[in-house]
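Here are my notes for someone opening this one for the first time. Have the viewer ready and take the points in order.

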Amino acid sequence: MSDQTQIKARSPFAEAFEMFRRNHAAVAGLVVLLLIVAVAILGPFLYPGNPFDMVWAPFTPPGQEGYLLGTDYLGRDILSLLIHGAKVSLTVGLAAAFVTVTIGITVGALAGFYRGLIEEALMRFTEFFQVLPTLLFSMVIVALFGASLTMITIAIGLVSWPAVARITRAEFLRIRELEYVTAARAGGVRNGGLIFKVILPNALPPIIVQAALMVGSAILFEAGLSFLGLTDPNVASWGQIIGSNREYILDASYTVTVPGVAIFVTVLAISLVGDGLNDALNPKLRQR
Amino acid sequence: MAFLKVLVQRIGYAVLLLIAVLVLNFTMINLAPGDVVDTIAADMGGANAELMAQIRAEYGLDQPVIVQLGSYIGRVLQFDLGYSYFYNRPVTELIFERLPATLLLVFSAQIFALVLGILLGVFAAQNPNGPLSHLVTLFALFGYAAPVFWTGILLLIAFSLKIPLFPVAGMRDVTIEGGFFPQALSVAHHLVLPMLTLGSIFIALYSRLCRASMLEVLGSDYVRTAKAKGLRPRDVVMKHALKNALPPVVTLAGLQFSAVISGAVLVETVFSWPGLGQLALTSILARDTPTILGILFFSALVVIVGNLLTDLVLRMIDPRVRGRG
């Protein structure tokens, strides 16, 4: 009986963490993701040197001559390319998701908060961006302004934000009518304060989930661009390994399948974590 | 009549969107370093400042920006998207040559994904925790996480190289002679793998939504009524439930056109499918700006037309949309 007195109110964070912990798939995804991050950070120290250097005869099959994943058509060590590519994929993925979310939140928050003409204009603007096929649009940006990693990141962000803007706007439309917002307004909080301090924190959960998924999409996006050869040619990336080796699938299919597995596993892990966050941050959804 | 009014409104809005695409195109050309004249000069092996100024005047590049924008839009309205210095042909000609291949791929992948996605969703909803439901969930995860070009290469290795069921590349067998039917058959044969590849992303999406939508509808009162009056279970599912579960799936499919075209660019590259995506890639690598921007314009046009078609389909299957006018 004395147990009952020990029950304390838990913080929402602790509750969300508990929810997340119970989702085994999400925890597994998180573990895999952390491993990949560790490889991306520590890998270049364990595998120093330029991954573009020729180390052995081209098309050495995996496991032979000490090359765990074999060599590609230029005799480069695929494992080394993958390890160095991990950093690029993750960095571009995170940075592009950040750009996406920043633009998306700004547009969505302004549209949802101010309503009226501003909302109309911003949503038309959003619809316009949804009409342009994302990959083609980013290809055009990269083609016109150069294929540096920074430009690729900006390009991915510029074409991906509409989804975030829509979610943010929907949340703002819902929350701005709630009593605590009216109360804050009556209490003299200015518009800027209402947007950033009152509404935005409460609108964040679905945006966080979307942001997590955006990292996955951005990684896929970067892989697609570098598969097409639209990337910095001096930086190893996963899509680029596949793109440059794809003419040799008859002789050495592992040069293409293995890097694909790396992309697949990373994005899968991110999406499992995203699902877990979704369940953890929207407990109401879970009860359905 | 209400329908006609809506249609006119939609088309008017579509035209505005397209003009916005042109403005964007124009802005990008002007923001990008270098212009057409630099390209021409580079092709000629260099030119002096006087000659370059002369060429600039010829192309109207010495005019104020707003005049240039006006004449650009004016030319596009007359189906003149400029001239490709790389292919030495008008851009519209290049695009019309490649457009049918892309349209075929995009629409067949969409229809294939919709049909299979809906079927999977309907059957999975019969048993929310059954094996098919788990398969749909797994499939959805796979469809999201697998890079589409990788899926394509895997299918290529499996079904053209290891088991030679389908051709490796291209759109038709040039050695085939004869009338329409054998030609069409050859194209269909070449289409199978690209369509499967491109469709795979979207089957996942549609089947998951269709399952959720069916589950919601199956729990409603009128479905219970239909069951209670003794209709066959199959009729309840297909005639009463599916009809009401379908509109959200179709709406989602309509929103995916731009994603399907993006995927098509990668799929075309993998299977050497002679469409707009391939043209886009070669012209980007050749720095052929007029062609690239022409393709962006036409792909936006395809998305807009796709959205209009989705609207029409929604009107056919959902009387509530019709009522709204």
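1. Ground rules. This is a predicted model, where local features need pLDDT of at least 70, side-chain atom pairs count only at pLDDT 80 or more, and totals for chains, interfaces and linings use all residues. Residues are numbered from 1 along each chain as its sequence is written, chains are lettered from A and ligands numbered from 1 in the order in which they are written, and side-chain values use heavy atoms, with hydrogens and water left out.

2. Contacts and surface of chain A. Take the contacts with a separation of 6 or more: 69% of them join residues 24 or more positions apart. Contact here means heavy atoms within 4.5 Å. The accessible surface of the chain is about 13700 Å², and carbon and sulfur atoms own 65% of that (Shrake-Rupley method, 1.4 Å probe; for residues, only the protein chains shown count as cover).

3. The interface. Chain A puts 42 residues into the contact and chain B 43. Together they bury about 3900 Å², 81% of it from carbon and sulfur atoms; buried area is the accessible area (1.4 Å probe) that two parts lose on being put together, summed over both. On the chain A side, the elements giving two or more residues are α5 (116-131), α6 (134-145), α10 and α12 (254-281). The largest share, 11 residues, is from α12(A).

4. What the interface is made of. The chain A side splits into 29 nonpolar, 9 polar and 4 charged residues. How many salt bridges cross between chain A and chain B? The rule finds 0, asking for a side-chain nitrogen of Lys or Arg within 4 Å of a carboxyl oxygen of Asp or Glu.

5. E222(A). This residue is in helix α10 of chain A, and it counts as buried because its relative accessibility is 1%. Beyond residues up to four places away in sequence, E222(A) touches V88(A), S89(A), V92(A), I152(A), I156(A), T231(A) and S237(A). L90(A) is 132 residues away along the chain, yet the two C-alpha atoms are separated by 9.8 Å.

6. P233(A). Look in the loop between α10 (191-227) and α11 (238-245) of chain A. Is P233(A) buried or exposed? It counts as exposed, since its relative accessibility is 59%. Leaving aside neighbours within four places in sequence, P233(A) is in contact with F52(A) and Q240(A).

7. Two positive phi values. R115(A), not a glycine, has phi near 55° and lies in the loop between α4 (78-114) and α5 of chain A. In chain B, S272(B) has a positive phi of about 45°; look for S272(B) in the loop between α11 (257-271) and α12 (276-285). R115(A) is partly exposed, at 35% relative accessible area, and S272(B) is partly exposed at 31%.

Conventions. Helix = DSSP H or I, 4+ residues; strand = E, 2+ residues; numbered from the N terminus. Buried < 20%, exposed > 50% of the residue type's maximum accessible area, 1.4 Å probe, protein only. Nonpolar A, V, L, I, M, F, W, Y, C, P; charged D, E, K, R; others polar.
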